[in-house]
Amino acid sequence: SRLRGRGVWRYSEAIAGNYKTVVSINEGGTPLIRSKTNENVYYKFEGANPTGSFKDRGMTVAISSAVNEGYKIVVAASTGNTAASAAAYSARAGLKIYLVLPKDKVAVGKLAQSILYGATILEVEGSFDVGMKAVMKLYREMGIVYPLNSFNPWRLEGQKTIAYEITEEIGVPDAVVVPVGNAGNIYAIWKGFTELRNAGLIDKVPRMIGVQAEGASPIARAIAQNLNTPEFTENPETIATAIRIGKPVNWKKALRAIRESQGTAIYVSDSEIVDAQRDLARIEGVGAEPASVASFAGHRKALKEGILSNSDKAVLILTGHALKDPDSMVRSGSRRITTNPDYLEKIILGDLNANS
Ligand code: F0G
């Protein structure tokens with residue numbers, strides 16, 4: 001087939017819709033990094049996108065669609081990454097953007113990005129879900145405002161290219177492990193693989209393994225209890241603020257992706273997330289934000305519980321860059337010594353002696 005563009009737009013023929021104007025900041029085409037400790041494990045490093053998260057893949061398509069349909073005003077509720085991405089693409093497209101954020105619950109890097117790109121920031125009390133509901137209502141009642149949340153299908157069209165990139169590089173893995181918040185991305189990746197299979201280009205779809213934070217885990221609990229409709233959480237709580245979501249808008253799509261792929265969904269505790277972030281950085285040299293490393297923590301847990309084995313080829317989606325949440329990095333702790341420059345040799349020699 002005819003391939004045009006780069007990154008996400010390399011697959012433009014597979015992206016639904018017709019775009020006279022494409023608003024791109026060269027998103028997609030992210031590194032697939034092989035694990036140092038298990039040759040069957042790969043990290044898809046979405047932190048390498050222009051604003052540092054996978055959201056850019058969907059935003060290029062959604063903003064292109066908004067421009068082609070003639071919208072001038074866009075809006076998004078967000079835990080932070082959608083906000084940063086939407087703000088950047090809106091700036092490039094010359095659109096006016098309003099962001100609805102949970103007050104004091106957005107990591108500082110993401111808030112700073114939204115400020116930098118010139119968005120109007122509306123902070124509301126309560127969780128992301130409160131803002132999400134308000135944006136849905138606004139969109140229904142005020143047709144001139146274009147919504148950039150993942151109930152917008154164009155977002156998912158862009159995000160499904162994660163599946164194409166993985167397949168081109170290593171073929172179809174046995175499992176893809178994905179952090180789940182509003183539950184759009186796990187469906188988008190599954191959709192990408194399913195379309196490849198339906199086109200006869202691959203012979204199977206990987207098991208989709210969703211990972212939530214324990215305090216915000218309606219999807220994982222619905223899978224564990226075999227419910228058709230999740231029990232939603234009124235007050236979600238986790239240090240992984242990106243996935244601090246109690247009522248995922250795409251829950252139905254996510255359950256379908258998980259069940260049809262013979263996958264599952266699990267949750268991990270905040271302390272498992274903290275350990276995962278530190279270990280991924282210090283063992284593999286890969287820095288990802290707390291929500292992102294839910295995939296790493298979840299893979300660990302899946303191995304321990306026998307959901308996956310070491311011989312399963314698994315791709316762990318690292319959804320956002322560590323720089324998004326500087327507080328989480330500092331919390332991981334390090335040896336920091338205030339010293340006189342003349343003491344360097346003494347410190348190193350002291351270490352050598354202590355270790356000999
Ligand atoms: N990882 C990161 C870093 C995220 O920012 C998000 C979602 C997810 C995972 C979960 O993806 O919602 O498709 O299941 N962040 C949204 C936001 C909610 O507003 O930035 P999902």
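1. The chain has 13 helices and ten strands; both are DSSP runs numbered from the N terminus, with helices (H or I) of at least four residues and strands (E) of at least two. Residues are numbered from 1 along each chain as its sequence is written. Please keep in mind that this is a predicted model, where local features need pLDDT of at least 70, side-chain atom pairs count only at pLDDT 80 or more, and totals for chains, interfaces and linings use all residues.

2. On confidence, the average pLDDT of the chain is 96, and 99% of the residues reach at least 70. This score is the predictor's confidence in each residue, from 0 to 100.

3. Now to Lys55, which lies in helix H1 (residues 55-68). An unreviewed UniProt entry lists Lys55 under "modified residue: N6-(pyridoxal phosphate)lysine"; such positions follow the numbering used here, feature names are shortened, and annotations may be inferred rather than shown by experiment.

4. Is Lys55 buried or exposed? Lys55 counts as buried because it has 34 C-beta neighbours inside 10 Å. The cut-offs are 20 or more other C-beta atoms within 10 Å for buried, 12 or fewer for exposed, and partly exposed in between, with C-beta atoms placed from the backbone. Across the chain, buried residues make up 53% of the 356 residues.

5. Finally, look at strands S4 (residues 96-102) and S5 (residues 120-124): they run parallel and are joined by five bridges, where pairing takes at least two DSSP bridges.
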